[in-house]
Amino acid sequence: MFFPPDLDGISVSTTHSLNMVSVNLGLVHYVLDHIYGTVLHRTKLGTPFFSKGWGGTKLDLLEKMVKQLFPEARSQNWPPTAVQPMWKTIWETKSSCLREGVFRTTCDPRLIEALPPESHNARVAFLTPKSVSPEKMACVIHLAGTGDHSFERRLRLGGPLLKDNIATMVLESPYYGQRRPSMQHGSKLQCVSDLLLLGKATIDEARSLLYWLQNEAGYGKMGICGLSMGGVHAAMVGSLHPTPIATLPFLAPHSAVVPFCDGLYRHATAWDALRKDAATLAQDVTSLTEDAAQKSGITIEQVRERLRSVLSLTDVTRFPVPKNPQAVIFVGATDDGYIPKHSIMELQKAWPGSEVRWVTGGHVSSFFLHNDAFRKAIVDALDRL
């Protein structure tokens with residue numbers, strides 16, 4: 001029997017035992033994701049996603065605007081709205097500097113009206129090395145995953161890259177951190193339209209920041225990355241950029257359909273509230289009782305299909321192939337309880353030339369255990385530009 005070089009001399013029974021350990025560890029990671037999801041999403045202690053329904057006319061507007069991002073409008077909206085962040089130095093050493101900036105969101109004016117007032121101003125953190133000029137280094141924008149309300153975790157991911165002359169820019173998403181609406185509980189968006197608004201605003205703001213990095217700050221190389229939901233947005237931004245940039249979706253599905261309709265988030269979705277809102281709209285009344293909503297003839301299954309249809313707008317495989325697909329590296333987890341492997345492989349299939357790497361672990365554990373693998377992917381993708 002053939003053994004790889006590093007297993008020469010190990011017995012068949014020992015190799016079998018190692019395989020069993022690997023399988024058992026994978027099962028542990030997968031089960032941990034589900035335990036975490038059960039505690040966080042299946043208990044009734046917190047507010048579910050979309051407790052206020054679909055979002056009414058805002059959802060109609062967003063469906064039309066998101067469709068404009070697709071391949072048939074490949075070159076539209078470039079250059080994006082220019083930004084001039086107002087910067088404040090947070091700290092500075094001999095070798096590096098951290099600044100925070102504020103700028104008005106670069107969304108379409110119709111979307112600004114739909115956004116909560118708290119989200120109108122975007123916030124960004126900018127960690128840079130001081131030893132080299134921008135044209136001789138790179139900068140990567142890090143987008144927020146679900147529940148990432150601060151700059152801290154992403155700055156920890158990007159900080160060690162300073163030694164490689166890679167700066168880190170961290171964008172605070174609408175509906176998160178200081179941009180979170182006062183009536184929103186944690187990360188649980190109140191309406192379906194909020195999810196699309198968050199995504200569209202994040203994409204617009206990230207594109208404006210890339211334009212600023214290139215044309216105002218003078219950076220030689222650029223990239224975009226994100227974990228989970230942030231990875232979906234990073235893939236979209238990389239797809240739409242008119243020149244090659246490093247694109248790094250980490251632990252990201254190909255579409256929001258995966259977590260919300262098929263995955264663990266389906267246990268944290270207010271299906272009854274969505275049915276009630278759909279029944280209210282269908283009957284053209286201002287409100288319905290829960291009993292009346294149940295008698296309306298609209299089933300939960302129909303509601304699920306409607307949500308699936310709306311969230312299919314976030315399907316990254318419908319977006320253009322990036323200008324340099326070799327600079328696209330997807331990183332997935334082998335035992336992810338949130339994002340199945342086939343979802344990540346659909347992304348690679350849609351973008352020939354891109355690479356998929358795997359880290360051992362689940363969705364939650366990989367956030368904490370595999371930052372080195374994420375950093376390695378960032379360095380490698382930038383080197384391919």
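How many cavities of 30 Å³ or more does the structure hold? In this predicted model, there are three cavities of 30 Å³ or more.

**The largest cavity**

The largest cavity contains about 300 Å³ of space. Its lining is made up of 25 residues, and those lying nearest its centre are M229, V232, H233, A256 and T314. Sorted by class, the lining of the largest cavity comprises 17 nonpolar residues, seven polar residues and one charged residue.

**Helix α5 and residue S208**

Helix α5 also holds S208. Apart from neighbours within four places in sequence, S208 is in contact with P80, T81, V83 and T106. The relative accessibility of S208 is 1%, therefore this residue counts as buried.

**Cysteines and buried residues**

The structure holds zero disulfides. In general terms, a disulfide is a covalent bond between the sulfur atoms of two cysteines. C97 counts as buried because its relative accessibility is 9%, and C191 likewise counts as buried, at 12%. The cut-off behind these assignments is a relative accessible area under 20%.

| Residue | Relative accessibility | Class |
|---|---|---|
| S208 | 1% | buried |
| C97 | 9% | buried |
| C191 | 12% | buried |

Technical notes: Residues numbered from 1 in each chain as written. Predicted model: local features only at pLDDT ≥ 70, side-chain atom pairs only at ≥ 80, totals over all residues. Heavy atoms only, no water. Disulfide = S-S within 2.5 Å. Buried < 20%, exposed > 50% of the residue type's maximum accessible area, 1.4 Å probe, protein only. 1 Å grid on protein atoms, 1.4 Å probe; cavity = no way out; pocket = protein on both sides within 12 Å on 5 of 7 lines; lining within 4 Å. Points joined across faces, edges and corners; volume = space filled by probe spheres on them. Nonpolar A, V, L, I, M, F, W, Y, C, P; charged D, E, K, R; others polar. Helix = DSSP H or I, 4+ residues; strand = E, 2+ residues; numbered from the N terminus. Contact = heavy atoms within 4.5 Å.
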